[in-house]
Every structure is written in structure tokens, then in C-alpha cells.
Amino acid sequence: MLHTDTREATECGEHEAAAATDELFFQRCHWCGTPAYRRSFCRACGSTAFRRERSAGAGAVVRRTGHAPHHTWFVAMDEGFNLLCQVTGTAPVVVGIGARVRVVRTAAPVGQGLPVVELTHPATSSEGWW
């Protein structure tokens with residue numbers, strides 16, 4: 001019989017492990033290998049069978065979302081999955097599309113639940129957040 005993890009078990013396991021070690025974990029589909037973050041099924045093949053992998057924690061800013069006070073961005077992680085996160089340690093106008101970031105905390109302070117990243121290499125001057 002095929003073993004499949006439920007969404008609750010996978011998410012809770014990822015969150016608990018990440019909170020304990022402060023490392024970012026993601027899912028990879030057992031069937032097609034597509035990476036994902038906190039998904040209940042594979043977006044490529046529809047499978048619910050995932051294995052958990054540790055992320056290196058590096059990625060590039062893809063686009064901005066939300067309002068400036070929230071400072072939330074979509075980041076394309078090097079492993080191939082996208083992550084909605086908050087950028088810390090810099091003003092929103094400094095972060096540009098293409099800027100390199102790394103994970104600092106896997107979850108923000110209580111109530112927000114987003115991973116937190118910091119800028120490691122700014123985007124070129126021709127790339128802006130607008």
C-alpha cells in the first residue's frame with residue numbers, strides 16, 4: 001500500500017522540526033520530484049506523497065506583495081520552490097527584484113507565521129521593487 005502524508009501531518013512536522021532547529025524544510029514529490037512548500041498535493045502531478053528535505057536557505061526575490069509596513073516578498077528558493085516571506089534588516093526600497101536573500105528564521109514572531117529572510121546581495125540599480 002502506498003503511504004501518503006496528510007497535509008496536517010506534513011505541515012506540523014515541518015513546522016515543529018524547523019522551529020526546533022531553525023532550519024527551513026520543504027517537500028519534494030515522491031512521484032515526479034517537484035519541490036513545494038507547505039502543499040497538500042503536488043502542483044505538477046497531483047500526488048499527495050511527499051518527502052521532506054532541508055533547504056540551503058538561499059534564494060532570489062521574485063516580486064513584492066502586500067503593503068510596505070508588512071515588508072513581504074515572494075522569494076524563489078534555489079531548490080525550486082517559492083516562498084512568501086518577510087525581509088528584515090533593510091528598508092523596503094532597498095530590496096529589488098533579483099536581490100539575493102537567505103533565511104534567518106523559519107517563522108516570524110507569534111501571529112505572523114512567515115519565514116524571515118535578510119538581504120545578502122542587492123539587486124542591480126536598474127531593478128526596482130516597483
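In what sense do strand β4 and strand β5 pair, and over how many bridges? Strand β4 (residues 58–65) and strand β5 (residues 72–77) are antiparallel partners, joined over six bridges. Two strands count as paired if DSSP finds at least two bridges between them. One of the bridges sets alanine 60 against alanine 76 in β5. Strands of a sheet pair through backbone hydrogen bonds.

This is a predicted model, in which local features need pLDDT of at least 70, side-chain atom pairs count only at pLDDT 80 or more, and totals for chains, interfaces and linings use all residues. Residues are numbered from 1 along each chain as its sequence is written, and side-chain values use heavy atoms, with hydrogens and water left out. The predictor's confidence in each residue, pLDDT, runs from 0 to 100. Its mean over the chain is 78, and 70% of the residues reach 70 or more. Over residues 1–21 the pLDDT is below 50. Where pLDDT is low, the predicted coordinates should not be read in detail.

Now the sheet. Five strands form a closed barrel in the order β4-β5-β6-β8-β7, with mixed pairing. Strands here are DSSP runs of E, at least two residues long, and helices are runs of H or I, at least four, both numbered from the N terminus.

Next, the core. The largest nonpolar core has 17 residues. Such a core is a set of buried Ala, Val, Leu, Ile, Met, Phe, Trp, Tyr and Cys residues joined through side-chain atoms within 4.5 Å. Buried means under 20% relative accessible area, exposed over 50%, and partly exposed in between (1.4 Å probe, protein chains only). Tyr37 is among the residues with the most contacts inside this core, as are Leu24, Phe81 and Leu83. Beyond its neighbours within four places in sequence, tyrosine 37 is in contact (heavy atoms within 4.5 Å) with residues including Leu24, Phe81, Leu83 and Pro115.

Finally, the charged pairs. The model has five salt bridges, each a side-chain nitrogen of Lys or Arg within 4 Å of a carboxyl oxygen of Asp or Glu. Arginine 54 meets glutamate 23 at 2.8 Å, N to O. This pair links distant parts of the chain: arginine 54 lies in strand β3 (residues 50–54), glutamate 23 in the loop between α1 (7–21) and β1 (25–29). Arginine 54 is exposed at 51%, whereas glutamate 23 is partly exposed at 28%. Aspartate 78 and arginine 100 form another salt bridge, at 2.9 Å, N to O. Aspartate 78 is in the loop between β5 and β6, and arginine 100 is in strand β7.
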